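Please open the structure in your viewer and keep the selection tool at hand.

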Amino acid sequence: MFKGLCAFPLTPLIAGEIDERTFVSLISNLAEARVDSIGALGSTGSYAYLTRAQRLRGTQLAVTAANGIPVMTSIGAVRVEEVLNLAVDAQQAGVSGVLLAPLSYQPLGGDEVYELYSRVVRELSVPLCVYDNPATTGFSFSDELLSAIAILPGVNSVKLGSLPAEREEARVRIAALRRKIPAHVTIGISGDAQSARGLLAGCDVWYSVLAGLFPQYSRILTRAAQAGDEEKVNQLDGALEALWVFYRRYGSLRVIATVAELLGRVQTPCLPFPLRTIQGGERELLQQKLNLLNLY
């Protein structure tokens, strides 16, 4: 499940509770598009804002609605006891894998992060994806730490949150990391604005926010990259630059949630309080840019 296109949908909320009908419709759309896997309750799915009961319910809904498409869910939490409880819930719900970022209130050291993953994998019967996401966790993995964690039993993928801006430098980074990790551990790229660069640099999987709402377009881009069609990838990615500008300004969650509201795919507001989607003139500008894109 850790290759190709992994789509990360929103978890739309109404007054702090999961809008189950809308959530199921988003998952069903991904299943119909035949994405390679679904990342339910990722950062885009606001997992850190949900209770344990809500996360279990959301995972159950996702696994059922996925109709056989492999589902991965996040088990990140500040307390390791909660992480382990969430791992039990996720496995009982029938996930095919779990995603773990090192959440913490106090800054973590490399040895502490290694011990976290070492403890968690001992409790898992499904594969784990390591999430390097310093923008939200405040912790940046070194390649040496990633390679040490990658040899732990059950670790099957590494999800990178950043790559060098230059394509050749990105290729060098991916090649260097690949030499340090076991062959069965895939390398994935997140951060949609750098997805094309990551895929062309040799990443095995796109962990995609865009695909959570526009799986068909994202699937075409991914397949073009897998086929080595750099010209087509550049064309498809270039058409999205107007959207990437908003990503860089507001972050992917607020942008994709705003787009979902504008399209009527979710109710307004859909994010956990006090997060807000884009408002005012910038929202109107995003609507104008969206009207010019052909994402279906």
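What follows is a list of selections, in order, with a note on what is found at each stop.

The model is predicted, so local features need pLDDT of at least 70 and side-chain atom pairs count only at pLDDT 80 or more, while totals for chains, interfaces and linings use all residues. Residues are numbered from 1 along each chain as its sequence is written, and side-chain values use heavy atoms, with hydrogens and water left out.

Begin by selecting residues 97-100, which form strand E6; helices (H or I, at least four residues) and strands (E, at least two) are DSSP runs, numbered from the N terminus. Gly97 and Leu99 point one way from E6, Val98 and Leu100 point the other way, and all are buried, where buried means under 20% relative accessible area, exposed over 50%, and partly exposed in between (1.4 Å probe, protein chains only).

Look here for Met72, which stands opposite Gly97 in E6. To get from E5 to E6, the chain passes through helix H3 (residues 80-93) in a right-handed β-α-β crossover, meaning that, with the strands pointing away from the viewer, the path from the first strand over the helix to the second runs clockwise.

Now select residues 128-132, strand E7, which is also paired with E6 in the parallel sense over three bridges, and find Val98 opposite Leu128 in E7. Together with helix H4 (residues 110-121), E6 and E7 make a right-handed β-α-β unit.

**Salt bridges**

The structure holds 13 salt bridges, each being a side-chain nitrogen of Lys or Arg within 4 Å of a carboxyl oxygen of Asp or Glu.

Select Arg173 and Asp143, whose closest N and O atoms are 2.7 Å apart in a salt bridge. This pair links distant parts of the chain, since Arg173 belongs to helix H7 (residues 167-180) and Asp143 to helix H6 (residues 143-150), 30 residues apart. Both Arg173 and Asp143 are buried.

Move on to Arg178, which forms a salt bridge with Asp204, the closest N and O atoms being 3.3 Å apart. Arg178 lies in helix H7 and Asp204 in the loop between helix H8 (195-200) and strand E10 (205-208), so the pair ties together parts that are 26 residues apart in sequence. Arg178 is partly exposed, with a relative accessible area of 31%, and Asp204 is partly exposed at 21%.

Finish by selecting Arg167, Glu168, Arg171 and Glu230, which are linked in a network of salt bridges.

Terms used: Two strands pair if DSSP finds at least two bridges between them.
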